[in-house]
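Me: Please take a close look at one part of this model for me. I would like the ligand site and the parts that build up around it.

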Amino acid sequence: MPLTPEILVPRLGEALISENLLRPDQLELALDRQKLERAAGNSIPIGQLLVDMGFISRDDLDQAITRQILKLQSALQEANKNLELRVQQRTEELEVAYKKLSELDELKSNFIANVSHELRTPLTHIQGYIDLFLSGKDYPITDEVKQGLLVMQHSADRLNRLINDLIMFSAAEVGSLKISKSNLKIKHLAEKCIQIYQASAKTKDISLEVVAPEDEIEISADEDRIIWVINQLLDNAIKYTENGGHVILAIEKDADDAVISVEDNGVGFDPGQINEIYEPFHQLDGSSKRKVGGTGIGLALVSRILDAHGSSISASSQPGKGSRFEFHLPIVTKKD
Ligand SMILES: Nc1ncnc2c1ncn2[C@@H]1O[C@H](COP(=O)(O)OP(=O)(O)OP(=O)(O)O)[C@@H](O)[C@H]1O
Ligand SMILES: [Mg+2]
């Protein structure tokens, strides 16, 4: 179709009729003619046909078209103004909602932090007395009482760890997780972690081993936090692996990084759920029939701790085949 001003005006014929510049029967005739021309392979704009057929002068047509374009232009400007107003309103609503959410989030973090701190004091007293009674110094105890006290000590320790995790989590949530880096011998650290979990692996007949290069590798990281991270990964690997399985903690070198990975041949999970496993207080099997314990805070904190180190955790898994979690930390380069 040739480029003419009339192609800018939709329903030109009707506009001309409403302005009394054209009669409906004339438009009908011109449209019939347009159809015939189109069938013969000619594409002629309706305005051109109206002029050719003598129904309207070129001048009147041009003026009518200009008026229509101006009308359309002002309608467009009006629509734009309305749109801008709506965008502005929506942005303000979103800002209010976001502020409210942030406040609630902060409230939640403060609540967790306050409750955890409040729980800590009475627990310290309970632990203190359990230790005192267990020592048998001032109060001789029977073997039966001792067994009971040991169970209490074990439970109090678990509670203590959970409270500490919650405090660490709420600190991470408000961005105040402190990282104090030093040079660490990662192979030595890995061996230490394995020793901690050897007993629980044994109860499930799971083989647990470190695979590492011969030479020690020095990395720069926060010792307590990295031990915590490795322990969480080992805890999960043992927890989510059936009896008789294996778990490998591997240390490898990759350019300037040490790659630390924990691999198991356990139950695994659907790779589609990979983002869910890092959500705090979320467990893939959240049902009451779940066989293993936990609060679902482990990996959420692992990811925040590594984040604070400028690193990140990545995972791969296949249901029924096992899982692998890995992260990188920079190797300390020796200056000669
Ligand atoms: N090695 C693994 N194999 C299979 N599933 C895993 C593994 N590690 C984590 N998951 C899945 O990811 C979820 C989240 O792990 P996370 O460590 O955060 O929580 P948890 O172990 O259930 O509880 P917590 O760590 O607080 O004791 C787990 O509930 C489990 O469904
Ligand atoms: Mg865990």
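How many residues of the shell around ligand 1 are nonpolar, how many polar and how many charged?

Reply: This is a predicted model, so read what follows as computed from that prediction. The shell around ligand 1 has nine nonpolar residues, 10 polar ones and two charged ones. There are 21 residues around the ligand. Those that come nearest are Gln283, Leu284, Gly294, Gly298 and Leu299.

Helix H7 spans 223-239, and helix H8 spans 298-308. Each gives at least two residues to the shell around ligand 1. Gly298 and Leu299, among the nearest residues, lie in the H8 range.

Now the packing of these two helices. Two packed helices are described by the angle between their axes and by the distance between those axes. For H7 and H8 the angle is about 145 degrees, and the axes are 10 Å apart. Their crossing is left-handed. On the H7 side, the contact uses Arg225, Trp228, Val229, Gln232, Leu233, Asp235 and Asn236. H8 brings Gly298, Val302, Ile305 and Leu306. By class, the H7 and H8 contact divides into six nonpolar, three polar and two charged residues.

H7 has another partner. Helix H6, residues 186-203, packs on H7 at an angle of about 35 degrees, with the axes 10 Å apart. This crossing is right-handed. H6 supplies Leu189, Ala190, Cys193, Ile196, Tyr197, Ser200 and Ala201. H7 answers with Ile226, Ile227, Ile230, Asn231, Leu234 and Ile238. The class count for this contact is 11 nonpolar, two polar and no charged residues.

Next, the sheet. It is open, has five strands and runs in the order S2-S4-S5-S7-S6, with mixed pairing. Strand S2 (207-211) and strand S6 (313-318) are the edges, each pairing on one side only. Neighbouring strands are turned by 15 degrees against each other on average, direction ignored. Inside the sheet, strand S4 (residues 246-254) and strand S5 (residues 257-264) pair in the antiparallel sense over eight bridges. Val247 stands opposite Asp264 in S5.

Last, the wider chain. It is divided into domain 1 (5-56), domain 2 (110-173) and domain 3 (182-330). H7 and H8, with their ranges of 223-239 and 298-308, fall within the bounds of domain 3. The C-alpha centres of domain 1 and domain 2 lie 91 Å apart.

Methods:
Residues numbered from 1 in each chain as written. Chains lettered and ligands numbered in written order. Predicted model: local features only at pLDDT ≥ 70, side-chain atom pairs only at ≥ 80, totals over all residues. Near = placed C-beta within 6 Å. Helix = DSSP H or I, 4+ residues; strand = E, 2+ residues; numbered from the N terminus. Nonpolar A, V, L, I, M, F, W, Y, C, P; charged D, E, K, R; others polar. Domains from an automatic or database assignment. Axes fitted to C-alpha atoms, helices over the stretch in contact; angles between N-to-C directions. Left-handed = near helix turned anticlockwise from the far one by under 90°. Contact = placed C-beta atoms within 7 Å. Pairing = 2+ DSSP bridges.
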